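Here are a few friendly notes to read alongside the structure. Please keep the view open as you go through the points.

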Amino acid sequence: MRTANTIQEYVEKYAPKRYSKIQNPETYFQDLLNQLHQTQTDLLEDMGPEPETADPMKIIGQHRARVAQARELAWERIVTESFPAEVDETGQPLEH
């Protein structure tokens, strides 16, 4: 499960210039986490009802896949699009 600290660590590492401009990181990232969770919930609702099947393992697998997809889409919309990477994994600036 993602936390406000996970988002903060990502932004601090990959978007350090934008991170330095955040006035109150603790509150800011908690609010961002709430937005992330709401977006994930909205995406799951938009996907419609779970597909019907008689196989319990298939039900679990399909549910997990839908949750993972919603989680990744929400992360992209709330975190990645708001804080595009400025540096790579080694801290070297990216060319835009």
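Which residues in H3 meet which residues in H4?

1. Before answering, a word on the source: this is a predicted model, where local features need pLDDT of at least 70, side-chain atom pairs count only at pLDDT 80 or more, and totals for chains, interfaces and linings use all residues. Residues are numbered from 1 along each chain as its sequence is written, and side-chain values use heavy atoms, leaving out hydrogens and water.

2. On the H3 side you will find Leu32, Gln35, Leu36, Thr39, Gln40, Leu43 and Leu44; they meet Arg66, Val67, Ala70, Arg71, Leu73, Ala74, Trp75, Arg77 and Ile78 in H4. Contact here means heavy atoms within 4.5 Å. Sorted by type, the residues of this contact are 10 nonpolar, 3 polar and 3 charged. Nonpolar covers Ala, Val, Leu, Ile, Met, Phe, Trp, Tyr, Cys and Pro, charged covers Asp, Glu, Lys and Arg, and the others, Gly among them, are polar.

3. Helices are DSSP runs (H or I, at least four residues), numbered from the N terminus. H3 spans residues 25-46 and H4 residues 56-80; they pack at about 135°, with axes 8 Å apart. Axes are lines fitted to C-alpha atoms over the stretch in contact, and angles run from 0 to 180 degrees between N-to-C directions.

4. Look at Gln40 in helix H3. At 16% relative accessibility, Gln40 counts as buried (under 20% relative accessible area, 1.4 Å probe, protein chains only). Leaving aside residues up to four places away in sequence, Gln40 touches Val67, Ala70, Arg71 and Ala74.

5. In H4, the buried residues include Arg66, Trp75 and Val79. The buried residues of H4 pack against helix H1 (4-14) and H3.

Conventions:
Helices (H or I, at least four residues) and strands (E, at least two) are DSSP runs, numbered from the N terminus. Buried means under 20% relative accessible area, exposed over 50%, partly exposed in between (1.4 Å probe, protein chains only).
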